[in-house]
Amino acid sequence: ACAVAQSIYLTSAEGHSGKSTIALGVLDALARGIERVGVFRAIARSTDEPDYVLQMLLDHTSHTLAYDECIGATYDQVRSDPDAALALIVRRYKAIEAQCDAVVILGSDYTDVGSPTELGFNARIAANLGATVLLVLGGRANQGQGEQLGTTTPRSPEAVRQITATALAELADERAALFAVVVNRADPECLSEIVDAARDSVISRFGHDHTIPVWAVPEDRFLVAPSMRGILRSVDGTLLKGDPELMTREALSVVVAGMSMVNVLPRLLESSVVVIAADRTEVLLATLLANASGTFPSISGIVLNGGFPLPAEIDRLIDGLGSNLPIISTELGTYDTAVRVMNTRGRLAADSQRRYDTALALFERHVDREQFSRDPQGGAGHRVAVGPGDQEVESLLGSPASRAGLLGAHGRATSRAPLR
C-alpha cells in the first residue's frame, strides 16, 4: 500500500529532472494543511556557496528555520566517509524534525554523472530518516546533455517505462518506502501515455492493488529557459546598460549577429538574446531601434562580446534612445559567448515571481494535492511491498527502533557503496 509519511524525500534517478519545481509544489501543498512545514537538504554541493534551491524554498516557508541548520552533509563528506556522512545527515535532520510537523527533504542534485549508486544512497538516506520517497523522473531524453537553453528532446513513453522500472528496483533494494511517482518535464503531447507507462512499471513491482499515485507534469518552456541574469553569470559578464529588473526575462532563443545590419534584422526572434561583437556598433544600434519600434520581435537582451569599449558618441546615442533593454558586456569571443549562452539552464530562483507562479500553477494542474493534505503521520506503520517475490518491508515511520536497525549498533549507517 502507499504510505503517507510525516516527511517526504524527493529524489531522482538523474540530474536536470526539475526536482526543485516539484519540491516547491509539495511544500505549497503541505503548507495548506500543516502549520509547521520545514525544508531539509540531505546532501549539498558545498557549505561555502549558497544552495539557491534550499534558499528559495526557505523563503517560501511560513516556519522560520536557519539556513545552516537545514543542510545534512556535503558531497565531499559523502565521498570521504559515506557512513559518517549518513549518520550526520540523520542527526541534523532529527534537529529539524523536532521543530516541524512535516519536512520536505531534497535529495542530491547529481553534480556528477547520474548513476544507480547515487539513487541508491538517496534511498538509503530516506529509509534512515523514516521518510517516504517521492520519485521525480525526468521527461527529457539525454538529461543535462546536448541541451540548448535548457531544452532537449522529450522521452518516449517506453523510455519512461524503462527508467521507472530501474529506479523502483533501486528503491526497493534499499528498503525505501514509495509515496508517489511524478514524471517532470514530460512531453505535453502525450501526458496520458507517459502516466500509463510509468504506472505499468509501478504495477509490475507492486501489483494491481497498489495505491501509489503516478503523475506527469509537462515541460514548460519558460521554466527551463535561462534568464538574462543566468546568462550574465554564464559569460562572466557585467550589466552595461538597461533595467536590472528586466534581468529576470527568459531567453527562448539565441541570435548570433555575425553579419551586416540588413541581414540581422530579419533574423531577430521573439524573446531571444542577441550576441553582437562589441565593435559592430551599427548592428547594436539597429537591434535597439528594432526592439523599440514595435514592428520587430521583442527581444530579451543583448550580449556584447569581445570586451571592446563603446565609443563615447555611441554611448551617448544609446542613452538618448531611453532603452531599458539589458545589455551585457563580456570579454569572451563570439564562439565562446555563444556556447556559454546556449548551455545556460533556467533555474527556479527566489527573485523570479513569474517562474514561481508558473511552477505552482503547473503542479496544481497536474498533481493531486489532496494526496499531500491527508494526515501526515499516516498511522504507526505501513507495509510496502517491494516487489513480486520480494520480502515485504515494514516501515515504522518515525520509529527509533526502525532507524536503529538501519543505522546499526553505533548509529552508523550500513551503507554498501559511496557516491562516485
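Q: Which residues do ring pairs link into a cluster in this predicted model?
A: Ring pairs link F179, W215, F363 and F372 into a cluster. The count of aromatic pairs in the structure comes to four.

Q: Why is the pair of F179 and F372 called tilted?
A: Start with the distance: the ring centres are 5.2 Å apart, and rings pair if their centres lie within 6.5 Å. Next, look at the planes, which stand at 55 degrees. Under 30 degrees would count as stacked and over 60 as edge-to-face, so this pair is tilted.

Q: What makes this pair a tie between parts that are 193 residues apart in sequence?
A: F179 lies in strand β6 (residues 178–186), while F372 lies in the loop between α14 (353–366) and β13 (382–384).

Q: How do you know whether F179 and F372 are buried or exposed?
A: Buried means under 20% relative accessible area. F179 has 1% and F372 has 4%, so F179 is buried and F372 is buried too.

Q: Why does C190 count as buried?
A: Its relative accessibility is 13%, and the limit is under 20%, so C190 counts as buried.

Key. Residues numbered from 1 in each chain as written. Predicted model: local features only at pLDDT ≥ 70, side-chain atom pairs only at ≥ 80, totals over all residues. Heavy atoms only, no water. Buried < 20%, exposed > 50% of the residue type's maximum accessible area, 1.4 Å probe, protein only. Phe/Tyr/Trp six-rings, centres within 6.5 Å; stacked < 30°, edge-to-face > 60°. Helix = DSSP H or I, 4+ residues; strand = E, 2+ residues; numbered from the N terminus.
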